[in-house]
Structure formats: structure tokens, C-alpha cells
Amino acid sequence: MEGHSKKEHEGNHPRVQEPIHAERPMKIVCIGAGASGLLLAYKLQRSFNNFELVVYEKNEDISGTWFENRYPGCACDIPSHTYTWSFEPKLDWPAVYASSTEIHSYFTSFATKYSLHKFIRLQSKVTNATWDSTSNTWGVEVTNLITGESFVDRADILVNAAGALNAWKWPEIEGLKDFKGVLMHTAHYDQSVDLTGKAVGVIGNGSTGVQVVPTIQPIVEKLSVFVRHPTWVAPVQSFQQHVYTPAELENFHSDPAALLAYRKVQENVMNSMFRMFIADSPTQNGTFKSMTAQMREKLEGVPEDLVQRLVPTFGVGCRRITPGVGYLESLGKENVEVVYGGIERVTERGAICNGKEHELDVLICATGFDVTYMPRFGVQGEGGRTMKEEWGQEPKSYLGMAVAGFPNYFLLVGPNSPVGNGPILTCIVATEAQVDYILKLANRWQTENIRSFSPKREAVEDFIAHKDLFMKTTVWDHNCRSWYKTNSVSGKVTAVWAGSSLHYLEAISEPRYDDWEITYQGNRFAWLGNGFSQTEMDLTADWAYYLKTRDDSPFLGRRKALEVKNGSGTVVGREIRGFVE
């Protein structure tokens, strides 16, 4: 047994002198103060004692993508009441779909309400992390972006909450930096640039591009929209945009039950959509037919040969479905030219596509992010193996949260998390489940004499094999270029979960400890301590707490326990829906 010695057998292990499950000091370092990092801080503070947490954030403010993204039209493209923590509703969303500024405010208010700023170090960039098998800790190299000074922090547990869509990248187009006009990426947008009366080009028709185009179309003189591939664009995601009336907002404030019921309606509808992702299912086929008709209707005024290129032939959901209010209609406006095909070269004056130069004053790249899931900082695990070596061919995670050979290291929203499987793009509720899972392992680390834990390699490989087999039954496996497949057409699906969002919640509700390589410091049962319970250490506790008048204990069978949790039998007449109805 690793770390075991005769001396410790003889009773000198420090835990032998303490009651069962004594809490040793625990240091956690989290990288990123976006939504996931804030949630980790909240749940750790709520449930644990005797811990130290430091959250390093490279930006000058919190909330990650909602701080960074300030492009025209930037908003949440799912209903705002589903874009909150399950336990923390926002009573005053102004409309069904909220702006990036309003979402940033939500997470800032959340951090303030629960005093989370004390854990956060802003403008602090993690540059490297190395596992030290001697001290059983992570050495985390950090650069203070204000002073330029670097230092090494140490952590018992390291959590990467930097996010999957965080490392924005320029498109690989010849001559891009030769452009003499204003060149911007939507993830690093300069709000001081006035587009009024300008000739503007927008590259990309993903979720960002479809928000930018209808927002700037009315004010620019000429708008060139460069599109390489078709994408499914829905008017809205099953809910029409609506500005809440004063009476509705008052009702949300005064009647928590009414607000909860409203949130549940939205969540239930969106959770019913998963069948759409199953290839050739009735829901997929019906959605394909209805969305084709809707897109064609919205593209009125666009030449038919271009319509045929813009409306996909692959399954709905192969690429992320993009709700875009006004986007398709804007493509038919007089000052808009849709340029279909890859840009061959950028010149000093504009962009050449299909042999024609399009002169531009401003070029906006709505071209997304590095979606390889590779951390933006160096990571060295056991034996000095780097994450680049581990994930060089494919990012293989354990249930979206951990990596074989990297002890005490966790990911939030890692590869094959449910980022496109149901109601929420950034899997808000699934992130809650991931944090709960991680903290269950952290609890064992703190209250037992565990040295390290990492997923067994064979468990990861079995999960990946099951995932790959499942994906063949879905539209995600169709031939389309998608960030779900690392921006490839026919590669492996590395982004989304092998099931629905609800399926994921059930899959990770309890850790499968048999999938984990757990090593100990000394005798694995030293945590049993001196024979006294924690209850006996608390003179204010009821030492007969187990006596009851009836059996109200939780059901131990998985199904019966779940039926209590999900309110089985309380819903009648449920409808299975596609993306748009």
C-alpha cells in the first residue's frame, strides 16, 4: 500500500488520535471565475469547513464569457429563466431572452449576495500546473497581470473551470492581418467602433453571427455576410421573445410559486426535445420538415439557388441549432449580400471570395473558439505526462469531469458534458451536478486519509467506447462541420453527452468509486480514529437522533428514490416536442 509503514501500523498516524471522519485542512485552487467557478465557491462555502479556496481569474471582472462578450446583439439565446442556478431564480429578467449585460449582472449579484469575491483573485493568469507525487499536491504557476510578477501556489485539489468556449481564435485565412480597415473578433469586440454608414463584413453563421447580423444591418451601408456552411436557424427556441409587463414582474416578485411554475413550464418543454437528436426518429423527421419550411419562409427575397445552400440537408441538431430572431429576414434586405463559400484571401481593402473582392471598412470575425478542450495553460500529471500528450489525438474525459493519470484534477463542463443535449447551452443544472460530484470526492479526501484519486484508464476507455457507439444513433454523427466534433465534418463527437440532460443528472448522481484509482497515506482505515463519533464530540447534538415515530428514511432502491425526487405521477398529458412547434 502506497505510503504505508510499520510505524503507522503501530498507531502513530495522526488520525488515530481524532474521532472518525476528522476534517483535515483542504486547499482547493480553481481556475476561472465564470459561472462554474462561482458555483464551486458557493457550494464549497455552503457545505464545508476547514478549507481554503483560491479562484484565479485572468480578467478584470468575474462571469467569464458574459464579461468578455460585448458584440452587437450579444444575448442569451435560450429563455433567461432557464439560465439561472436551479436554486437561485432571478425575479426581474426584463424579457424572455436576456442581454449579455443582464446575465453578467446576474452572476455578479450572485457573487455579492454570497460573499464569493473573497475567494477570487482577478487579473491572475494560471500558466502551468504540475502534480507533485512527493507532496501529493499541485504546483500552480500564476502570473499577476497587473505587476507581471509570477509565483507558485499549491493545491490539494485543482479544478479547471476555464470553460470550453473561452479561447477565441482568428480564422485561418490568408492575408487576414493585411487588412487596413478595422478587424475585430466578436469575443474581443471594440464597442467604440461606430458601424454607422460603413461597409461591414461578417464571417460566420454560428450562434454569434446570427446575433450580430440583424443587429447591425439597419445601421450599416453595406453588409457582406460570408457563409461557408449551412446551419439550422430557428426563429426562437420554442418561446417567443416577450418583454415582461410590470404586472408580470410584480407577480414574479410577490408569488414565488407562480415564478417556479413558470420556470418549470420552460424547463419541461425544453427537456422534452431530446428525442429530436435521435436520427430518423419521428420527432427528428417532423422537426426537419417544419424547420425547413420555416427557414424557407423567412428567406423570402433571397435567390433560390442561395436558399438551397443556406437550408441544411443534414439532421436538425447535427450542428448546434441557432435561434436567431430576425437573422434570416435580414439576409434578404437590400443592403445585405450573402457571400457563400470560403474566403480565399483577405486584402488590404476587403475579402476575396469566389474570385470577387468585397471592399470593406470593417471586418468582424464571428468564427468561434478553439474547441479542442486543450487547457490554455500547461498541465503535467503523474510521471510528467502532459495534457497535450494525453489529449493529442482526442480529448478523453471521465464523464466530462476528470482525466486518467491526472490525480486530484477536475474539469467543469469538460469533453462530453451535456452542452447541447437539452434545455441549456452551458448545461447550468448539469454543472451543478458536476460540482456536487466533485465535492463528494473532496469530502472523502478531507475526512479520510486519501492521498489521491483519478479515474482508471480502463474506465475512461470503456466510457469513450460506449459514447462512440451511442453517437452513431444520433444526428450529431451526420456529416456536418460542427464544434461538437472539434470543427470537423466526420470526426468523433467530443463535446456532447451520450444521452439527454436528465440522463446525465441520473448518471452522475452518485460517484462510481470502483471506476477510481484511489491511493492512501498509511492504513486506509486510519480515518476510523480513536473510536469516538463526531456526534459524541458535539455536546449540543441529540445522541439518540436515530429514534423515530415512523420510517421516513429515503428509499434505497434507485428507481423508487428517483420517483420521489422527480415527482412521478404529478404530470399528465405530457407532449413530446421538437425544437419548434
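A charge is said to sit over a ring if NZ of Lys or CZ of Arg is within 6 Å of the ring centre and within 35 degrees of the ring normal. The model shown is predicted, so that local features need pLDDT of at least 70 and side-chain atom pairs count only at pLDDT 80 or more, while totals for chains, interfaces and linings use all residues. Residues are numbered from 1 along each chain as its sequence is written, and side-chain values use heavy atoms, with hydrogens and water left out.

**Figure 1. Charged side chains over the rings of Trp445 and Trp93**. Arg24 lies over the face of Trp445, at 3.5 Å from the ring centre. In the other view, the charged end of Lys90 is placed over the ring of Trp93, 5.2 Å from its centre.

**Figure 2. The stacked pair of Tyr42 and Phe87**. Rings of Phe, Tyr and Trp (its six-membered ring) pair if their centres lie within 6.5 Å, and planes under 30 degrees apart count as stacked, over 60 as edge-to-face and the rest as tilted. A search of the whole structure finds 34 such aromatic pairs. In the one formed by Tyr42 and Phe87, the distance is 4.8 Å centre to centre, with 15° between the planes. This pair links distant parts of the chain, since Tyr42 belongs to helix H2 (residues 35-47) and Phe87 to the loop between helix H3 (65-68) and helix H4 (100-113), 45 residues apart. Helices (H or I, at least four residues) and strands (E, at least two) are DSSP runs, numbered from the N terminus. Buried means under 20% relative accessible area, exposed over 50%, and partly exposed in between (1.4 Å probe, protein chains only). Tyr42 counts as buried because its relative accessibility is 10%, whereas Phe87, at 30% relative accessibility, counts as partly exposed.

**Figure 3. The tilted pair of Trp85 and Phe110**. The ring centres of Trp85 and Phe110 are 6.3 Å apart and their planes stand at 50°, so the pair is tilted. Here too, distant parts of the chain are linked, with Trp85 in the loop between H3 and H4 and Phe110 in helix H4, 25 residues apart. Both Trp85 and Phe110 are buried.

**Figure 4. A cluster of aromatic rings**. Tyr42, Trp66, Tyr83, Trp85, Phe87, Trp93, Tyr106, Phe107, Phe110 and Tyr114 are linked into a cluster by ring pairs. As a setting for this view, the protein chain has 15 helices and 21 strands, and of its 581 residues 52% count as buried.
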